[in-house]
Structure formats: structure tokens, C-alpha cells
Amino acid sequence: MQLRPKYVHVIANPAKERRASLLTTLNNRFRPVGIEWQVSVTHRPGDAHKYAAQAVENGAEVIAAFGGDGTVMEVAGALVGTKVPLLILPGGTGNLVAQELGVPTSVSRACKRLTGETIEVRPVDVGRMSNHHFLLRVGCGFETDVLQDATRELKNQFGKWAYVFASIKALQQIPVANYRLTLDDNEVVESRGIACAVANAGTIGIGKLTLSQSIGIDDGKLDVILVRSGQIDGILELAGKVMGIQKDQSHDPEAGLDASHLVNHWQVDKIKIESDPIQSLQADGDLIAAETPQTIEVLPKALHVVI
């Protein structure tokens, strides 16, 4: 528990039509309880990280991020190791970080978490790859192809369904690579596969489905998931279960995906991913300027989040 903050800095990446409603909500929630607030609006990648770092230097007691998972992660990257809490105000297409942490989808209700006499803060793990931090996962292969096809225009028109349409397109030409994974510097795994993900959290954004019930955002570990290359009917079966099209009577869908015949799963502190051919990577739902090979590690309880 911490005392209610006196000054909150909000980093916002909203659609133009939502800016006025955001300001009204902030004023209605914070002004009556004496919380001073200020907003910085992002215009390009990197702004959220820069503004958050400046706000920490200027004495902000809480930094709030309004936008999608990419904005949340940029702000979080600036707060790693500072103990300045992050308040998530969902304002994107997926909002998977908010879903993982149980943050209300209503911005007004999320703001209310700061208006009591005290606030509750939870330390969570952060993943690090080169100069990139992540809360959900990084990955290469099939998932990256889906993100490339889920354009901003498609997301504006169809919301989360944009990822479904992009997945259908990507399934028509599934990428296969030779992966070499070095786990905690002492075990090497080589396999052909269509995707490799390193997860800090299990949420995938479809109901209560998770990558695995064992994945925890504060367990001090990263979860490596390798989807092996297989027959197309097996891949489609897994996709059908994810989308709820096919039912698996022997498995509880809220417990995690049951795809042991297609997937390898390890828990590690650090992993090096190599692939042939070289593959691009995504982090928390955004394509980034990074390619394999990459070394990825966990930073246990490196970020504090208002819950």
C-alpha cells in the first residue's frame, strides 16, 4: 500500500476523437481528491518512453499510460527499476496487458484506483531483449506475419477481428524455420517450427484462454513456447480451439491451450534464439527493429503497477 499520489503524469496515445473524453475523465476523477495531473500526447514511436522518463525526473509519483499495449510497454520500459508505479488506462485495440492484470476496461474505473486514501501496487516481471523491454511476449515466425497483415486500417475497421483475418491469410503460407534455442546457457534444442514465443504473461486476448496456466507475470521466469512444424490439419485444429470454433471435450478451455502434440514448452531465466532463415521479431504486439539471433532475459519484479 502507498499513500494517494499528489501528482500524476499521463502519457496518451489516443485517437483524436477520444482526446476530449480522456481529459474530461481525468478532470472528473482527479480534481475532486486534489490530485494534480498533466498530459503528454505522443506523435511517433519512442515519444511515450521519452515523456515517461522526463516525468520521473520531474517528480511524478505515478505515471499513467493511455493507449494500446505498445504505448503501455514504452512507458513501462522507462519505469523499470525506478519504483515509480505505472497506472494502465486501456485505450487500444487489444489491451492485453490490462487484461492480464485485471485492469478495468473503463478508463474512469481505472482512474478510480488512485482516488482512495491509499493505492495498491504490485511488482511484476519484465522481459528484456537488447534495448527492448516487454510485459507480454516477444516472438518470431507465424505471429510476426499476422502482425504485418493486421494493418492499422484493418484494426480501425474491425478491431480485434483484424487479427483473425490476418491469421487466415498467414495460414495460407505458413513460415517454417530451423530453430536453435539455448536455454539458460546449458541446454541446446534444435527443431523445425513455425513460431517461437518467449512469454512473460499468458494472456492471448480471447476470452479467458491462456498460452499455459503455468505462466505467471510475477513468477520470476520466462516461458519459451516452440510451435513445431506439422501437418496443416493439426495447425488448423489448434487455431480452431483458440477461436472457439472447435471444442475439446477433454480439456478445460480456461486452463490453457492443449496442444502438446504441436508445442514444446520450457521455463527459463534466459534464452538465445537463432533461426535459419533469419526472422523479424515482435514485442507486445508491435513489430520492432530486431531480428534473430537474440538473447532474452527476465528482470524479476522490475516494474511496479497500480492494481
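Author: Cys 111 is buried, at 0% relative accessibility; buried means under 20% relative accessible area, exposed over 50%, and partly exposed in between (1.4 Å probe, protein chains only). Cys 196 is in no disulfide. The nearest cysteine sulfur to that of Cys 196 belongs to Cys 140, 5.3 Å away. A disulfide is a pair of cysteine sulfur atoms within 2.5 Å. Cys 196 is also buried, with a relative accessible area of 1%. The structure holds 0 disulfides.

A word on the basis. This is a predicted model, where local features need pLDDT of at least 70 and side-chain atom pairs count only at pLDDT 80 or more, while totals for chains, interfaces and linings use all residues. Residues are numbered from 1 along each chain as its sequence is written, and side-chain values use heavy atoms, with hydrogens and water left out.

Now the backbone. Most residues other than glycine have a negative phi, and most peptide bonds are trans. The bond from Asp 276 to Pro 277 is cis, with omega near 5°. Pro 277 sits in the loop between β14 (270-276) and β15 (280-283); strands (E, at least two residues) and helices (H or I, at least four) are DSSP runs, numbered from the N terminus. Thr 292 and Pro 293 are also joined by a cis peptide bond, with omega about 5°. Pro 293 lies in the loop between β16 (286-291) and β17 (294-306).

Lys 301 lies in strand β17. Its phi is positive, near 50°. Lys 301 is partly exposed, at 45% relative accessibility. Lys 83 has a positive phi of about 70°. Lys 83 is in the loop between α3 (69-79) and β5 (86-90), and is exposed at 62%.
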